[in-house]
Amino acid sequence: MEIQVLFFGITADLVGKNSIILLVEKKTTIKQLKYDLTKEYSSLKNINDFAIAVNEDYAEDNLMLKKGDIVAIIPPVSGG
Amino acid sequence: MKKTSVLLTSNKLNIQDCYDFVQDASCGGIAVFIGAVRNSTENKTVTLLDFSSYEPMALKEIQKIADTALEKFSITKIAIHHAVGELKIGDIPVIIAVSSAHRKAAFEACEYAIDTLKKTVPIWKKEHFENGEVWVNSHP
């Protein structure tokens, strides 16, 4: 199934893209997705840990993705 | 009566707007925190900061902070405004204004709001120096 992945901050620079469409297995968890993404884009290992948001809310590692989800890669935030 | 004002904008932030929003006849105190772009970090001269955000989520997270502050503290109104885009030294990236009947709650809510914003809201700043640039907080 297809999901959209958005990259922000340093991760957009490291990956060289702001957005990709990714094919994942049904019932892929956030934990698995993080593993797959760092495997595909090894440059993501160069930063502090990153969080994941699904449809604009922070997601826990055990959440399962659904078709059409919008996933955002959230590197350490630095607003304020 | 609207009790929260949240804003994410590429325009210049307006201190008066935040004050006017929270000001209320029932309030004996208003606490205002204003962030400012500092001219150096770790002895390196900063030339400008470039703020970017995941806008829809950032607005939701800022709204959550405002709503939680209203539940957690005895305050009347809260405004949280944040700027994005390129900011120069002395410019204002964030304003938090809180009104309450008594000052303690306003101070506490103001501190809670800025501390939480810095941890949860998807906004990122890139520091530009005379000879390079770096994403803040991103490297181990």
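**A loop residue to start with**

Tutor: Let's begin at Glu42(B), which sits in the loop between β3 and β4 of chain B. Keep in mind that this is a predicted model.

Student: Is Glu42(B) buried or exposed?

Tutor: Glu42(B) is exposed, since 6 other C-beta atoms lie within 10 Å. The backbone has a feature to look at too: phi of Glu42(B) is near 45°, a positive value in a residue other than glycine.

Student: What do the strands on either side of that loop do?

Tutor: They form a hairpin with two residues between the strands, and Glu42(B) takes its positive phi there. Strand β3 (residues 40–41) and strand β4 (residues 44–53) of chain B pair in the antiparallel sense over two bridges. Thr41(B) has Lys44(B) in β4(B) as its bridge partner.

Student: Which other strands are joined to β4(B)?

Tutor: One of them is β8(B), joined to β4(B) by seven bridges and running antiparallel. In that pairing, Leu49(B) is opposite Glu127(B). Strand β6 (residues 85–88) of chain B is also antiparallel to β4(B), with four bridges, and there Leu48(B) faces Lys88(B).

Student: What holds paired strands together in general?

Tutor: Strands of a sheet pair through backbone hydrogen bonds, either parallel or antiparallel.

Student: OK, switching to chain A. What's in it?

Tutor: Chain A has two helices and five strands. Starting from the N terminus, the order is β-α-β-α-β-β-β.

Student: And how do the five strands line up?

Tutor: In chain A they make an open sheet in the order β2-β1-β5-β3-β4, with mixed pairing. At the edges are β2 (19–23) and β4 (57–58) of chain A, each of which pairs on one side only.

Student: How many bridges join β3(A) to β5(A)?

Tutor: Four, and the two strands run antiparallel; β5 of chain A covers residues 70–74. One pair to find there is Ala51(A), which stands opposite Ile74(A) in β5(A).

Student: Which residues of α2(A) are buried?

Tutor: Ile30(A), Leu33(A) and Leu37(A) are the buried residues of α2(A). They lie on the same side of α2(A), because they cover an arc of only 55° around the axis.

Student: What covers them, and what's on the other face?

Tutor: The cover over the buried residues of α2(A) includes β3 and β5 of chain A. On the face turned away from the buried side, α2(A) carries the exposed residues Tyr35(A) and Lys39(A).

Student: Which residue of chain A has a positive phi without being a glycine?

Tutor: Glu56(A) does, with a phi of about 75°. You'll find Glu56(A) in the loop between β3 and β4 of chain A. Glu56(A) is partly exposed, with 16 other C-beta atoms within 10 Å.

Student: What about chain A as a whole?

Tutor: The C-alpha trace of chain A spans about 35 × 25 × 20 Å along its principal axes. Its radius of gyration is 12 Å, which agrees with the value near 12 Å for a compact globule of 80 residues. Of the 80 residues, 31% count as buried.

Student: Where's the largest nonpolar core?

Tutor: That core has 53 residues, and those with the most contacts inside it are Ile78(B), Ile80(B), Val98(B), Ala109(B) and Ala113(B). Leaving aside residues up to four places away in sequence, Ala109(B) touches Ala69(B), Phe73(B), Ile75(B), Ile78(B) and Val98(B).

Student: Last one: how do the two chains meet?

Tutor: Here 23 residues of chain B are in contact with 15 residues of chain A. On the side of chain B that touches chain A, α2 (55–72), α3 (103–120) and β8 (123–129) of chain B each supply at least two residues. By class, that side of chain B has 14 nonpolar, six polar and three charged residues.

How values were computed. Residues numbered from 1 in each chain as written. Chains lettered and ligands numbered in written order. Predicted model: local features only at pLDDT ≥ 70, side-chain atom pairs only at ≥ 80, totals over all residues. Contact = placed C-beta atoms within 7 Å. Nonpolar A, V, L, I, M, F, W, Y, C, P; charged D, E, K, R; others polar. Rg over C-alpha atoms; globule rule 2.2 N^0.38 Å. Buried ≥ 20, exposed ≤ 12 C-beta atoms within 10 Å, placed from the backbone. Pairing = 2+ DSSP bridges. Arc of directions from axis to C-beta. Core = buried A, V, L, I, M, F, W, Y, C linked by C-beta atoms within 7 Å.
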